[in-house]
Amino acid sequence: MALDNETFALMKDAVARFVQERLVPAEDIVEETNDVPEEIIGEMRELGLFGLSIPEEYGGLGLSMLQECEIIHELCKASLAFRSVIGTTVGIGSQGLVMTGTDEQKEQYLPRLASGEIISSFCLTEPEAGSDAASLRTTAVRDGGDYVLNGTKRFITNALRAGMLTVMARTNPDKKGASGISAFLVDPKTPGITIAKADDKMGQRGTKTSDVIFEDARIPASALLGGEEGQGFYTAMKVLDRGRLHLSSVSTGISERILAEALNYAAERKQFGTAIGEFQLVQALLADSQAELFAGKAMTLDAAQKYDNKEDISMLAACCKMFTTEAAGKIADRAVQIHGGSGYMSEYKVERFYRDVRLLRLYEGTTQIQQLVIARNMLKTLTN
Ligand code: COS
């Protein structure tokens, strides 16, 4: 399901206005306080932003992937901390439940996630299992009507804000790889779960990541996602395929904002008696960024459309994630260059955005993991 075109256009306009009137003016407060003001989170709830990807029958907006990408692109024309508040609920934190949850599990969580009453987090990464996600060590041992969880999850976005964790843990220690992993829907208030203090990061102030530690945390067997053991890794991979399209739109949105900052500066800043935008070497920096932005937007929307048409987009999502996040890095770098010495000063926002976008090439699969996924899929076509 998707919103009809007219309602969707209104929604997109409302988000664009919200970004300009509320989010951009609040960027400095987020930077100073390292948090997103509660008032703004309340307004995000009212706009329905937490429910973008949750089906209408559970109180969400039920956007298509194409529509979600367009909204996320708009939203990411402001500091990435704002998108991060809704990001895990819209994306990786909830989509395992949407894709494979039982009716009871959906009833239990989706309406509260859609309204923003609770936020969800996705707990896959561990201290010893990053890119090699299938080697994760957190265990979930069946004990009567419960599972008992032990292990540590790392860099978990929004764990400190979460009311529901999607946790990947090993239920079958005899199976070392993917097939021994199951997914669980976990209440973070469960005794035996500790959410550590927020990590200090290079950028993206206002976003919250932390360790989540499980020490004999007892959860009911009904928390097993989809009611089936051994499906957790496959679900996580499907969630990440989709998440990589979402992140591509994060990258194009912030790239568009950064390029606008660079363009405005190039038009205003005068050297040698003229605006620096008149110089061909500065024009080359602007033009390369514009072309990469255009390509990134086009490929992301094309892949999102294919996702909506139920085509296999694993390889395309990896292409989009790799291209758009690498482009965001280059666009931010050129923006700093166009700003000259001022680009290194925190008074100008390109310095902040330059640090913020560095993360895009790392999370939800590094560029090198995207390359691996792309090449493996290419090779698979030869053997099929
Ligand atoms: N959709 C569904 N199933 C998938 C899949 C996908 N996109 N990708 C892989 N699988 C399946 C495979 O078919 C395979 O199935 P079998 O067990 O039946 O053979 C299984 O999962 C394991 O796949 P594979 O052998 O390719 O796993 P690897 O351990 O070699 O690595 C990568 C897979 C590297 C692609 C995976 O670990 C990965 O994406 N790593 C990055 C993790 C990441 O993004 N972390 C960020 C944390 S979240 S912010």
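A crossing of two helices is called right-handed if the near helix is turned clockwise from the far one by less than a right angle, and left-handed if it is turned anticlockwise. The structure above is a predicted model, in which local features need pLDDT of at least 70 and side-chain atom pairs count only at pLDDT 80 or more, while totals for chains, interfaces and linings use all residues. Residues are numbered from 1 along each chain as its sequence is written, and side-chain values use heavy atoms, with hydrogens and water left out.

Helices (H or I, at least four residues) and strands (E, at least two) are DSSP runs, numbered from the N terminus. Helix α1, residues 5-33, passes α3 in a right-handed crossing, and the axes of α1 and α3 (residues 65-75) come within 9 Å and cross at roughly 20°. Such axes are lines fitted to C-alpha atoms, for helices over the stretch in contact, with angles running from 0 to 180 degrees between N-to-C directions. The two helices, α1 and α3, are therefore roughly parallel to each other, a term for angles under 35 degrees, just as roughly antiparallel is for those over 145. On the α1 side the contact (heavy atoms within 4.5 Å) includes Phe-8, Met-11 and Leu-23, and on the α3 side it includes Gln-67, Ile-71 and Leu-75.

A second pair is formed by α7 (residues 232-268) and α10 (residues 349-356), whose axes come within 10 Å and cross at roughly 155°. Helices α7 and α10 are therefore roughly antiparallel to each other, and their crossing is left-handed. Here Ile-254, Arg-257, Ile-258 and Glu-261 in α7 meet Lys-349, Val-350 and Phe-353 in α10.

Helix α5 (residues 92-100) is largely enclosed by the rest of the structure, because 7 of its 9 residues are buried, which is to say under 20% relative accessible area with a 1.4 Å probe and protein chains only. Those buried residues are Ile-92, Gly-93, Ser-94, Gln-95, Gly-96, Leu-97 and Val-98. What covers them includes the helices α4 (80-90), α6 (103-115) and α7, together with the strands β1 (120-123), β4 (164-170) and β5 (181-186).

Turning to the cysteines, a search of the whole structure finds 0 disulfides, a disulfide being a pair of cysteine sulfur atoms within 2.5 Å. Cys-319 is in no disulfide, and the nearest cysteine sulfur, that of Cys-320, is 6.7 Å away. Cys-320 counts as buried, at 2% relative accessibility.

How values were computed:
Angles under 35 degrees count as roughly parallel, over 145 as roughly antiparallel, 65 to 115 as roughly perpendicular and the rest as oblique. Buried means under 20% relative accessible area, exposed over 50%, partly exposed in between (1.4 Å probe, protein chains only).
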